[in-house]
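Hi everyone, thanks for coming along. I'd like to walk you through a structure today, one piece at a time, so please have a look at it with me.

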Amino acid sequence: MSGALLDVRDLSVRTLASPHTTLVDEVSFSLHAGEAFTLLGESGSGKSLLAQAIVGNLPNTLQARGVIRVGKREMRAEHAGEQRALWGRELALLPQEPWAALDPTMRALPQVAETYQLVCGYETKEARARANTDLARLGLAAHAHKFPHLLSGGMAQRVAFAATVAGGAPMLIVDEPTKGLDHALRDQIVSLLKDVLAAGGAAFVITHDVSVPRSLGGTVAVMRDAQILEIGPSDTVLQQPAHSYTRALLAAEPARWPIIDDASMCRDGDPESREPLLTASALTQRFGEHTLFQNVDVTLQRGERISITGPSGSGKTTLGNVLLGLRTPSAGSVTRARELHPQAFQKLYQDPLAAFAPQLQIRVALRDLMQLHRLQDDAYLPWLEKLGLSDALLDRLPAQVSGGELQRIALARILALKPALIFADEPTSRLDPISQQQTMALLISSIAEQGGALLLVTHDPFLAQKLTHRQIEIGDMRDEPNV
Ligand SMILES: Nc1ncnc2c1ncn2[C@@H]1O[C@H](COP(=O)(O)OP(=O)(O)O)[C@@H](O)[C@H]1O
Ligand SMILES: [Mg+2]
């Protein structure tokens, strides 16, 4: 189509090694100045690979085919080098995993300022001033001096977002930019995307949050099994979906989930089970001048599910780490049931990639852990199957499966250990709502069967409300909004 900022024709991605698996199957669409294109769809359906193929950044084990036009430049997807010449100035990508976009040796502010300097040619002082303003808009004023490893997952994602947008590229591709963010920050990201549209740019947005296309308008497409099932104006697709999968996906928003109400089962049983798994009193955590939480008391029984909720970056993960004994609090104490081995307390990490050794085949990593716990080499298999994942995924490296697949492999790995307490930190952040609901149902029923407990960290008030017996809310201690 003429005049489009981005035009994609018959774009396919397949594995180079045989059997050649098609991961993206002849996708076509175009995107004009001022327009948004939102891609919803099943986890593992090929959304991230489609984005990577457009920008020419696929791993060398995969091959793309098709035609990509950015502005007036027409390129063959086979020749990835061509798109690279446009990176930063004309075409910018925020990858799904923010850490992939950040330099671990650089503080947040210079990472954003660098884009202003290198892409836009601003002097250092001006570049830093602009970067400061951007970070402040995203609630990160107090964190601009931090290195990436000191940022929470949601903060790192916002820094990466700011660095991606700073170059002013008219064609912006963002892969799950709002995952794990509270609603206020999500709306802030959406408003920054609208600024890009208002300035004559276009945005290709991958998300599981339907409120994003509701607000951005434009075109919505739904992807499953490597193909686009449905595509059309956002109002039509969101309000009168033609495909049964789209209807199921829209109906699975956490706000519409039923409440799992089994409070009666959690405090019955033998007297021993009435002893708390852990008791924490007067927990306080300070970092320098900043108090994350103060005087928090928590008692957790077997069979109970509690959630820690609060804005992004408020200290939810930190509180979970303190309860699990992974961090010593500034004040207060935690007592865990003495008869339990430390391995009975397990953490499911927020960032699935960080929980796997990058160079180790997933199957080897799982086997090593099973052996460490004196379990059968493949003790995780029943859970893998229940989570709908194929065993063949395990032959790859962690970066060669989708984020949602890796998140569920990490869950199967922990369920196999049958811990007494699972601390699950945003455990479904990389999943579509249908897979989210199935995954949480499996997590909860497995924990219940084993008489264990769940400590769920989530930014999503609906997940907390629907899935847990009690909620601990933190965040009131912050001295500035949205930090
Ligand atoms: N390097 C790779 N080699 C083989 N298969 C891959 C590779 N990377 C991803 N895949 C597979 O391609 C499918 C689509 O992945 P992806 O695009 O990341 O999914 P999503 O729609 O969740 O973003 C998944 O089934 C994933 O396992
Ligand atoms: Mg993805």
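Let me start with a question: which residues does T115 touch, if we don't count residues up to four places away in sequence? Keep in mind as you look that this is a predicted model. The residues touching T115 are C120, A163, A166 and G167. T115 itself is found in helix α3. With a relative accessibility of 14%, T115 counts as buried, because the cut-off for buried is under 20%.

Now let's go to a pair of helices. Helix α5 covers residues 153-166, and helix α6 covers residues 183-198. These two pack at an angle of about 5°, and their axes are 12 Å apart. Angles under 35 degrees count as roughly parallel, and α5 and α6 are therefore roughly parallel to each other. Who makes the contact? From α5 we have R158, F161 and V165, and from α6 we have L185, I189, L192, L193 and V196. If you sort the residues of this contact by type, you get 7 nonpolar, no polar and 1 charged.

On to the metal. Which protein atoms are the donors of the magnesium ion, ligand 2? They are OG of S48 and OE1 of Q96, lying 2.1 to 2.2 Å from the ion. S48 sits in helix α1, residues 47-55, while Q96 is in the loop between β6 (91-94) and α3 (108-118), so this pair ties together parts that are 48 residues apart in sequence. As for accessibility, S48 is partly exposed, with a relative accessible area of 21%. Q96, at 10%, counts as buried.

Next, the charged pairs. Side chains of opposite charge can pair when their charged atoms come close. How many salt bridges does a search of the whole structure find? The search gives 14, and I've picked out a few for you.

Take R137 and D195, which form a salt bridge with their closest N and O atoms 3.1 Å apart. R137 lies in helix α4 (residues 124-137) and D195 in helix α6, so here the pair ties together parts that are 58 residues apart in sequence. R137 counts as partly exposed at 39% relative accessibility, and D195 counts as partly exposed at 36%. You'll remember α6 from the packing with α5.

Then there's R186 with D187, whose side chains meet in a salt bridge at 3.2 Å, N to O. Is R186 buried or exposed? R186 is buried, with a relative accessible area of 12%, whereas D187 is partly exposed, at 42%.

My last pair is D395 and R363, another salt bridge, with the closest N and O atoms 2.9 Å apart. D395 is in the loop between α13 (381-386) and α14 (403-415), and R363 is in helix α12 (residues 362-372), so this pair ties together parts that are 32 residues apart in sequence. D395 is partly exposed, with a relative accessible area of 43%, and R363 counts as partly exposed too, at 24% relative accessibility.

Technical notes: Residues numbered from 1 in each chain as written. Chains lettered and ligands numbered in written order. Predicted model: local features only at pLDDT ≥ 70, side-chain atom pairs only at ≥ 80, totals over all residues. Heavy atoms only, no water. Axes fitted to C-alpha atoms, helices over the stretch in contact; angles between N-to-C directions. Helix = DSSP H or I, 4+ residues; strand = E, 2+ residues; numbered from the N terminus. Parallel < 35°, antiparallel > 145°, perpendicular 65-115°, else oblique. Contact = heavy atoms within 4.5 Å. Nonpolar A, V, L, I, M, F, W, Y, C, P; charged D, E, K, R; others polar. Donors = N, O, S within 2.8 Å, 3.2 Å for Na, K, Ca; no water. Buried < 20%, exposed > 50% of the residue type's maximum accessible area, 1.4 Å probe, protein only. Salt bridge = Lys/Arg side-chain N within 4 Å of Asp/Glu carboxyl O.
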